[in-house]
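Please look through the sequence and the model below, with an eye to open spaces and to aromatic rings. The paragraphs that follow take these two topics in turn.

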Amino acid sequence: MEPIVISTWQHGLEANEEAYRNLNENANSLDSVERGLTVTENNPEVHSVGYGGLPDNEGRVTLDAALMDWKARIGSVIGIEHIKNPIRLARVILEDTEHTILSGDGAFTFAIRNGFEPELLLTEYSLKKYLEWKSQGSGKAEERHTDRDTFNDYHDTIGMIAMDKFGNITSGCTTSGLAWKLHGRVGDSPIIGAGLYNDAAVGAAASTGRGEECIRACGSFYIVEMMRQGLSPTEACRRACERVYKLNLLSSKNRDHKYQVGFIAMNISGEVGAFSIRSGFQYAVMKNNINTLFDSEFLIDEKYIIEDL
C-alpha cells in the first residue's frame, strides 16, 4: 500500500511531514501518528494543543489525547497536567497496561513512574490571554485557538489518521480543549467512538471542533459504521455532520447552536475524505510525497470563525 496521512487544520501540514517521513522509513502507522502529533504538541504557536495550549477557567493547562490502532488497542489520557506530550503517554498506556484510559492525578503519577518529566505548560503568551479573559468577567469557555501570527488560520484539536505500507491504519487526537473551560471538562478527543475510532476491516475516523456535539453523536464511530455500509469517507463524514446538527437542535438548554465540528476519515483502500458543519474547516493530506491543504465541504453555508487572539 502507498502510505498516506490525513490530519485536521493547517497545523496538520507540519504534523503530516513528520508522520509521513516515518512511514517512508518503514515505521508502522502507530509510530508515525504518535510522532506526527508530538510535533504539534511541542509547538507553542498552536494554542489548542500541548505546550502553549490555552488554560481552563482556573488558569491550569489540562491536556487530553488518545490513540487507537488496527488491533483495536487503545491508549487514552484525560485531564493531565504538566506532561508536555500526552500522546506519548497514551502510547505507553496502549502498549504497557491492560487499561484503555487513565485520567488526572493517576495519569500524572503513571507518567512520572514511566520516565516522563513534569514541565510548566503555561506560556507567557497564554497566561497573558487568560488574564485578559479573566478581567472581562464573562466566565464562558471559548473556541479561540488561532495561531497568533496567522490570523486567517482557524485551528482546533488536531486529529490524524495514517496508513502504513502494510495497510495498517492508526488514528490519534491530542488537545488542550476549549479555552477557559470549566476545570475537569472533557471533550471528545480522548473518548473512543467520539474523537476517533478504528476498525481494521473498514477504516478510521477522527474529529475536531465542539467536543460536546461530537460526543452527543458518537461521530467517529458513526462514520466507520457508515463506511462499513459502503459509503465513501466523504459521504460518511457528511452523514455524521447531519447527525450532529440534528441532535444539537433537540434542545436549547445550556446548548449553543453556533459551533463547528469537522470530521476526517480513511477507508482500508486508502481513500480519504472530510466534511464539516460550517465552512472554514481545513484538512491536510500527504500522499506520494505531496502535502496538500484542502477546504472541507460543509453542511451549512455559514462561516464559523474561531476568533483571533
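A pocket is an open set of points on a 1 Å grid over the protein atoms alone, where a 1.4 Å probe fits and protein lies on both sides within 12 Å along at least five of seven lines, and its lining residues have an atom within 4 Å of a point. The model is predicted, so that local features need pLDDT of at least 70 and side-chain atom pairs count only at pLDDT 80 or more, while totals for chains, interfaces and linings use all residues. Residues are numbered from 1 along each chain as its sequence is written, and side-chain values use heavy atoms, with hydrogens and water left out.

The second largest pocket is lined by 13 residues, and Thr62, Gly79, Glu81, Gly104 and His183 lie nearest its centre. Strand E3 (74-80) and helix H4 (104-113) are the elements that give two or more residues to this lining; helices (H or I, at least four residues) and strands (E, at least two) are DSSP runs, numbered from the N terminus.

Turning to the rings, Phe, Tyr and Trp (its six-membered ring) pair if their centres lie within 6.5 Å, with planes under 30 degrees apart counted as stacked, over 60 as edge-to-face and the rest as tilted. The count by this rule is seven aromatic pairs. Tryptophan 133 and tryptophan 180 form a stacked pair, 5.4 Å centre to centre with 15° between the planes. Because tryptophan 133 lies in helix H5 (residues 124-136) and tryptophan 180 in the loop between strand E6 (169-175) and strand E7 (196-199), this pair ties together parts that are 47 residues apart in sequence. A separate grouping, one aromatic cluster, is formed by Trp9, Phe281, Tyr283 and Phe294.
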